[in-house]
Amino acid sequence: MSPIMNNVALPLSFFICLSFFSLLNASPDVTKICEKVKHKDLCISSFKESYLGKYVPDNADVKALASVIIKITVNSASDVSRNLKTTVLEGPVPLTPEVRAKYGICDSEVVSAMKELDKVRTAMEFGNHKKEKLNMVAALTNTENCEKELKQVEAQLPDKKQFDEVIVLKELLENIDDIIKIVG
C-alpha cells in the first residue's frame, strides 16, 4: 500500500470499528436506567440482544427507552407463549391432564400479560400514570399466576426450560415496573 492509502485506510478502519462497537453496546442512557432496576444485567442484555435496541438514539429520553423495553418484553412474552404451545401443549411429550391444564392456564396468563403491556405502553404515551400503574400490576399478576401454576406441577414438567422462561419474563416485567416508577 502507498503511504497515502495507509494514512487514509488506518483512520477509516478505526472509524468503522468504532461505529460497529457502538452498535454492540447499550447506550449510556440505557445503562443509567438499567442500573436503577432490580434485574440490571437482564435489562442491559435484553436491550443489547434485541434488534429494537439498535434503533434507539443515544439521546432518547426515559419514556422512549421504557417504550422500547416494553416492546422487547412483549416480544419475549410472545416467545414464551409460542414455546408453551408448540413445545409443550402441542409437543410430542405426553402430559398428564393436570400438567396440560396448568400449561394452558399459564399460556392464557402470558397472553393476558402481553395485552396489559400494550395498555401500559399506550397509557405511557398519553401520560396516564394511574392507568399505566394499574395495567403494570395486572401484567405482573398475570405472570406471577403463570409461575404459580407451573410451580404446582414443577416435578412433573417435561422440560424446565419453559418454567425458566416464565421466570425471566417476570423479571423483565419487574424491570418495567421499576422504570415506570423512575418515569413517574
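Among contacts (heavy atoms within 4.5 Å) between residues at least 6 apart in sequence, 68% join residues at least 24 apart. The model is a predicted one, where local features need pLDDT of at least 70, side-chain atom pairs count only at pLDDT 80 or more, and totals for chains, interfaces and linings use all residues. Residues are numbered from 1 along each chain as its sequence is written, and side-chain values use heavy atoms, with hydrogens and water left out.

As for the fold, the protein has 7 helices and 0 strands, taken as DSSP runs numbered from the N terminus (helices H or I, at least four residues; strands E, at least two). Of its 184 residues, 42% are buried, meaning under 20% relative accessible area with a 1.4 Å probe, protein chains only.

Now for the inside. Leaving aside residues up to four places away in sequence, Leu117 touches Ile70, Thr73, Val74, Met136, Ala139, Leu173 and Ile176.

Helix α3 (residues 40–49) packs on helix α4 (residues 62–89) at about 80 degrees, with the axes 10 Å apart; axes are lines fitted to C-alpha atoms over the stretch in contact, and angles run from 0 to 180 degrees between N-to-C directions. That makes the pair roughly perpendicular (65 to 115 degrees). Cys43, Ser46 and Phe47 of α3 meet Leu65, Val68, Ile69 and Ile72 of α4.

Notes: Angles under 35 degrees count as roughly parallel, over 145 as roughly antiparallel, 65 to 115 as roughly perpendicular and the rest as oblique. Buried means under 20% relative accessible area, exposed over 50%, partly exposed in between (1.4 Å probe, protein chains only).
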